[in-house]
Amino acid sequence: MLKFLQVFGLGILYVVLSPFFLLILALFAVYATVMMVFLFFKMVILFFAGKNLFSDLPEDIEARNILEEQRKLKQAQAAPFQPFPFPPYGFPNAQTVFPNQPVIDQPVIKEIEATPLPEEKDEGHE
């Protein structure tokens, strides 16, 4: 009799809890469907923008850095840096531009009109 009550009690418990389980299952199904549609449109937009939905792996980042260093090394070997391009001296309005240096634009200098100072009269010393 005790075994019957245990089985009967479990059956009633399952009957009472099954609507809650089905509600949770239905909510999860709705959430999964909404996320599937959202991610589909997001991936389509990112695909046509030329981007990726997922972030890069550490190996991808390291490979990109190695390729960038090799590109810079080849570029430096192809066009070595000349610190002083010649001949910038002696030419009017010649500007020397150094790479990786900011160019400073100097403002126009206004000329001051030169006028003599007024004479002061010294009284007592003649």
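Which residues form a nonpolar patch on the surface? In this predicted model, where local features need pLDDT of at least 70, side-chain atom pairs count only at pLDDT 80 or more, and totals for chains, interfaces and linings use all residues, the patch is formed by Met1, Phe4, Leu5, Phe8, Leu10, Ile12, Leu13, Tyr14, Val16, Leu17 and Phe20. Residues are numbered from 1 along each chain as its sequence is written, and side-chain values use heavy atoms, with hydrogens and water left out. Together the patch residues have about 1,200 Å² of accessible area. Patches are made of residues with over 30% relative accessible area and no salt bridge, with like charges joined within 9 Å and nonpolar side chains (Val, Leu, Ile, Met, Phe, Trp, Tyr) within 5 Å. Accessible areas come from the Shrake-Rupley method with a 1.4 Å probe, and for residues only the protein chains shown count as cover.

The chain as a whole has an accessible surface of about 13,400 Å², and 67% of this belongs to carbon and sulfur atoms. Of its 126 residues, 2% count as buried; buried means under 20% relative accessible area, exposed over 50%, and partly exposed in between (1.4 Å probe, protein chains only). The chain holds 2 helices and 0 strands, both kinds of element being DSSP runs numbered from the N terminus (helices H or I, at least four residues; strands E, at least two).

Let us start with helix H1. Met1 sits in the segment before H1 (2–49), and Met1 counts as exposed because its relative accessibility is 76%. The 48 residues of H1 should span 70 Å at 1.5 Å a residue, and the 68 Å between its end C-alpha atoms agrees with this; the expected span is 1.5 Å times one less than the number of residues. At Leu17, shortly before the proline Pro19, H1 has a kink of about 40°. Such a bend is the angle between axes fitted to the seven residues ending at a residue and the seven starting there. Just after H1, Gly50 takes a positive phi of about 80°.

Aromatic pairs come next, and there are 2 of them. Rings of Phe, Tyr and Trp (its six-membered ring) pair if their centres lie within 6.5 Å; planes under 30 degrees apart count as stacked, over 60 as edge-to-face and the rest as tilted. Phe40 and Phe41 are edge-to-face because their planes stand at 70°, with ring centres 5.3 Å apart. Phe47 and Phe48 also pair edge-to-face, at 5.2 Å centre to centre and 75° between the planes. Phe40 is partly exposed at 48% relative accessibility, as is Phe41 at 49%, whereas Phe47 and Phe48 are both exposed.

Turning to charged side chains, the model has 2 salt bridges, each defined as a side-chain nitrogen of Lys or Arg within 4 Å of a carboxyl oxygen of Asp or Glu. In one, the closest N and O atoms of Asp56 and Arg64 are 2.5 Å apart. Asp56 is partly exposed at 36%, and Arg64 is partly exposed at 45%. Arg71 and Glu68 form a salt bridge too, at 2.4 Å from N to O. These two residues lie in helix H2 (residues 58–78), 3 residues apart, or about one turn of the helix. An α-helix has 3.6 residues a turn, so residues three or four places apart point the same way. Arg71 is partly exposed at 43%, and Glu68 is partly exposed at 33%.
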